[in-house]
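Biologist: Please take a close look at the pockets of this model. Which residues and elements line them?

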Amino acid sequence: MGKIAAALLALLVLIAVLGGAGAGSMLSAFGSSGTQPSADALTDIPTDYLALYMDAASTCPGLQWSVLAAIGKVESDHGRSTLPGVHSGTNEAGARGPMQFLLATFKEVVAKHPPPEGGATPPSPYNPHDAVYATAAYLCDSGAHNGKNIPGAIKTYNHADWYVSEVLTQAQAYTSGADFGADTAPNSAALQAINYAQGQLGLPYEWAGNGPATGDTGFDCSGLTKAAYAAAGITLPRTAQTQFDAGPRVPAGQQLKPGDLVFYGKPGGGIHHVGLYIGGSQMIDAPRPGKTIRTEPYRYQGDGYAGATRPSNI
């Protein structure tokens, strides 16, 4: 491990011991506002892995360490999983190591982007150092460079909308706001709503649809958000306009949290669409007839964005 990573590791251990007193100013040296580890990250991520994620992300401008950490969480629980392929052998798809690489892909990546000193010789997908640096390089080549297309890079890593959604949600949970402890992680209700919506990815848009549980083949936009929050024990009105009116409203300019509902149209009676924000500037929504429920950017040119609500605070 390099000197920077070693120093970061020592700092993170100190922060864990101190319980966060004054930690915001210390951590600010390692990332801009919104990129410091949240309390959840410091509790969940082993300190050696956290140092690796941060060090490796610095090799790709625009790639946040939290995206690497989220992939590490989803793939192997930061190397703690005992499933086949994590520490030896392969899983059923032939992937191996804490970041679950196919061997051919790993060899191709490290041949093009050799990991720095500190790993195995030759580089191994089972070695956390080599695997994390290879993941950063792979994402960088796949669209993460300069933050151009983070969701697209994640989807190249695993070709599934649910995977993109899960990684983005986890990455958001691992980052805090400008000050240590100003956590932007979703609460339990928001996570339950997101988990439900992830399970509906790929279903068709159906006008006035309320989902397979009611006998419909799919959902419309507000049917999806209503069902998602119903799964979390929160009752929402049925239409996009009435959901917008129900609030509670997220003040304009305030950072969105996963689980927020994002609306489009005119607030005074013309709201025509709603999506479920999942972090990373992405939402899950049922867009329109002929399309399926999907993950997509919540802002785009001419979107008519009207604001957001936070039903998880009800």
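Modeller: The model is predicted. Start with the largest pocket. About 630 Å³ of space lies in it. Its lining counts 33 residues. Closest to the centre are Gln 172, Gln 255, Tyr 277, Gly 280 and Ser 281.

Now the elements. Three helices each supply at least two lining residues of this pocket: H5 (65-76), H8 (150-157) and H9 (161-173). Strands S3 (249-250) and S8 (305-309) also supply at least two each. S8 gives the most, with four residues. By residue class, the lining of the largest pocket holds 15 nonpolar, 16 polar and two charged residues.

Next comes the second largest pocket. Its volume is about 500 Å³. Here 21 residues form the lining. Glu 75, Ala 95, Gln 100, Tyr 157 and Asn 158 are the closest to the centre of this pocket. Helices H5, H8 and H9 each supply at least two residues to the lining, and so does strand S2 (101-102). The largest share comes from H5, with three residues. The lining of the second largest pocket divides into 12 nonpolar, eight polar and one charged.

Note on methods:
Residues are numbered from 1 along each chain as its sequence is written. This is a predicted model: local features need pLDDT of at least 70, side-chain atom pairs count only at pLDDT 80 or more; totals for chains, interfaces and linings use all residues. Side-chain values use heavy atoms; hydrogens and water are left out. On a 1 Å grid over the protein atoms alone, a cavity is a set of points where a 1.4 Å probe fits but cannot get out, and a pocket is an open set with protein on both sides within 12 Å along at least five of seven lines; lining residues have an atom within 4 Å of a point. Grid points are joined across faces, edges and corners, and a volume is the space filled by probe spheres set on the points. Ala, Val, Leu, Ile, Met, Phe, Trp, Tyr, Cys and Pro count as nonpolar, Asp, Glu, Lys and Arg as charged, and the others, Gly among them, as polar.
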